[in-house]
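Dear colleague,

Please find below the structure that I am handing over to you. My notes on it follow directly after.

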Amino acid sequence: MIIDDQVLQDRSAILAAVGQHPFARHALGRATPARAYQRDGAVLWLVPPEYGPAGCAIGPVEPALEICVALTVDGMLQPGQRLHLPRHDPALLAGRLAVAEHSDWDFHWTATSPPAPPDEQPVVRLTAADQPALEALVEESFPSSTSRPGDPRVVDWYGIRAGDRLVACGADRSQGELGFIAGLTVAPDLRGRGLGASLTAGMTRALLARHDMVGLGVYTHNVGAARLYRRLGFTNTLPLSSVRLA
């Protein structure tokens, strides 16, 4: 059960409760309606479905899971909804919370412009004229991407060209006070040549011109990408687990 004094009524109260954490500043856009619940140092906020995952949490794992269970019992969380929670072993959910999917990832962020990678290639902001090439590249090199051409969450697309060919691309999905990079991909036949480093570095600089910090997410199994991001200055990390309720 959730009691009234555990409830935070808006975005400003939530950000204050989590100490202006960069992940919360990213996840909660300036116009995002949100309501949060706190318990023993954990804060879990809920947003309407059009604003992304149903909820996100920061803080100790056990009280965050207790909030999830309480909200499920109260009918405020429903099957099929997705949550980003503090990193946890799926075994902790057994008998408490039914989950259909579970994946671990890290939210990284930086406030520092990255060093120039070796043989850095120029990164350009893409235009409507690049849409066909962009769609073809994403379909070929990253068909499972959750950032796709036409996605309303994407502010801008950036890319690298080799002659007339688009060979790398990434999405600016900034929605809150932080810049946020997503959907980074490189043409399969050109991987291992530093294009990913050039794209990430160039996009980070572009977003730092408009935001005080830039973040990105990477699954824990993508060890090579995580190593690259750390080398480019994304050394701050929040370990998370994403779940879809059953």
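The side chain of Asp130 makes a polar contact, at 2.7 Å, with the side chain of Arg161. (A polar contact is a pair of N or O atoms within 3.5 Å; within protein, one must be able to donate a hydrogen and the other to accept it, and residues adjacent in sequence count only if both atoms are side-chain atoms.) Asp130 lies in the loop between strand E7 (124-125) and helix H4 (131-141); helices (H or I, at least four residues) and strands (E, at least two) are DSSP runs, numbered from the N terminus. Asp130 is buried because its relative accessible area is 12%, buried being under 20%, exposed over 50% and partly exposed in between (1.4 Å probe, protein chains only).

Please note that this is a predicted model, in which local features need pLDDT of at least 70 and side-chain atom pairs count only at pLDDT 80 or more, while totals for chains, interfaces and linings use all residues. Residues are numbered from 1 along each chain as its sequence is written, and side-chain values use heavy atoms, with hydrogens and water left out.

Helix H3 (residues 61-73) is followed by Gly75, whose phi is positive, near 80°.

With kind regards
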